[in-house]
Amino acid sequence: PEEVMQAIQELDLTGVKFREEQWRYYPENEYTAHVTGYFGYSETAKVGQYGLEGYFDKELAGQAGYITGEKDAFGRFLTIGDSFIQEAVDGDDLVLTIDKNLQYLACSKLASESERLSAKEGSLIIMQPATGAVVAMCNYPSYDPNTYNEVESIDVFANSTVSDEYEPGSVFKAFTMAAGLDTGAVTPATTYTDMGEVRVSGFPIQNFDGRTYGVQDMTTVLEKSLNLGTIFVVQQTGNEAFYNYVKNFGFGEPTHIELSNEYSGNISSLEEFKDVYAYTGSFGHGITVTPLQLITAYAAIANQGMLMQPYIVEKRIVSSGAEIPTTPTEIRQVITPDTARTLTAMLVKVIDTGTAQRINQLIPNYYLAGKTGTSLVVNSNGKYDASRHNDTMVGYGPVSDPQFVMLIKMNEPQSQYAEGSVVPLWADIAQDILNY
């Protein structure tokens, strides 16, 4: 500290001198830890680890300068002989898409609510659907990258929004319906008879609540989150076509966002085109995705069916001062604009009168679209544990011109379903976003 240095200087001690040093400082502390990562020791060297630090380690480091030449016996460079000086090159600066106000607001509420519900973990992403720009991203629990060496477990370093591969549950039903609508296999008014159970390969599959619903249309399938309804959609669409749509939405491969340690999820079971895998996959089981994949796919629905490349760096500024901006990149048209609009209207019903209607009660003045998902956790014995679940809520709005898409996920909260955990939190933050 400055005052200690001055006190020692006043002692005028022979042989004691001072020199300035530079080090990384993260002014946002734990609020952006999973985005930035940290600069710290790996074995014997200091390198960027996790997040942007890990992804852009070489670019941020720049190049060290050096001098070569002949020296005398005392190690002093001689003015004669060959010599060479390589000037140091500063590292790049990164300007992020993160909105500081939204980051603080949303991540504070995520941490508070995760603690209240005793959730093992919480994740949040807010994205601009038209561009793919990430304006907020965080996880609970977090850490302070300025004191990264003081954490109790290194598990806290992982950015779960890009590295947590999990079964998404019913939040995945939107993509099953997208496939059915886009191929013309179903329309919102198409009906089926819900008999309460479908047997495949000798195993029974039921709705999440075990109930029988009789004749239902496709809008109600999403509104009431009926497993047997999405199985019907896959039966009409075909297993291979269903798989192709899932793949085109970006599942099964990394998004290539500028963050280290991104995982791909696993949809390999759908490649076999077997009924048992297609049926369970239709309601988000038997496959794994990452939160970033999930929100990027929902952003495509909000963006008239166009899948965008997600990004978190707005521009790079190189040592010369030149700026390299990130240009929003279209990946592919996954579904037609008409399909996207139809599906959006169906997802509005989920919030108006379905499993996420609490959002409509808290935010009555906007049309918002979204879907909930509650998936059971698999124990070490390979069986689902009815007492443990992961909850997800993804939604976007206003639907006339979507300005944001937001995903919130909680691992093993002490609540029965997503309606009691992530839905109220999503509504609370969405109201703040709309006001902001």
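These legends accompany close-up views of a helix pair and a disulfide in a predicted model. Local features need pLDDT of at least 70 and side-chain atom pairs count only at pLDDT 80 or more, while totals for chains, interfaces and linings use all residues. Residues are numbered from 1 along each chain as its sequence is written, and side-chain values use heavy atoms, with hydrogens and water left out.

**View A. Crossing of helices α9 and α11.** The axes of α9 (residues 227-237) and α11 (residues 275-282) come within 8 Å and cross at roughly 130°, the axes being lines fitted to C-alpha atoms over the stretch in contact, with angles from 0 to 180 degrees between N-to-C directions. Helices (H or I, at least four residues) and strands (E, at least two) are DSSP runs, numbered from the N terminus. The two helices α9 and α11 are therefore oblique to each other, a term for angles that are not under 35 degrees (roughly parallel), over 145 (roughly antiparallel) or 65 to 115 (roughly perpendicular).

**View B. Residues between α9 and α11.** On the α9 side, Asn227, Thr230, Ile231, Val234 and Gln235 meet Ala278, Tyr279 and Ser282 of α11, where contact means heavy atoms within 4.5 Å.

**View C. The disulfide of cysteine 107 and cysteine 138.** The sulfur atoms of cysteine 107 and cysteine 138 lie 2.1 Å apart in a disulfide, defined as a pair of cysteine sulfur atoms within 2.5 Å. This pair links distant parts of the chain, with cysteine 107 in helix α5 (residues 100-116) and cysteine 138 in strand β7 (residues 134-140), 31 residues apart. The torsion about the S-S bond is about -105°, so the disulfide is left-handed. Cysteine 107 counts as buried at 6% relative accessibility, and cysteine 138 is buried at 4%, buried meaning under 20% relative accessible area, exposed over 50% and partly exposed in between (1.4 Å probe, protein chains only).
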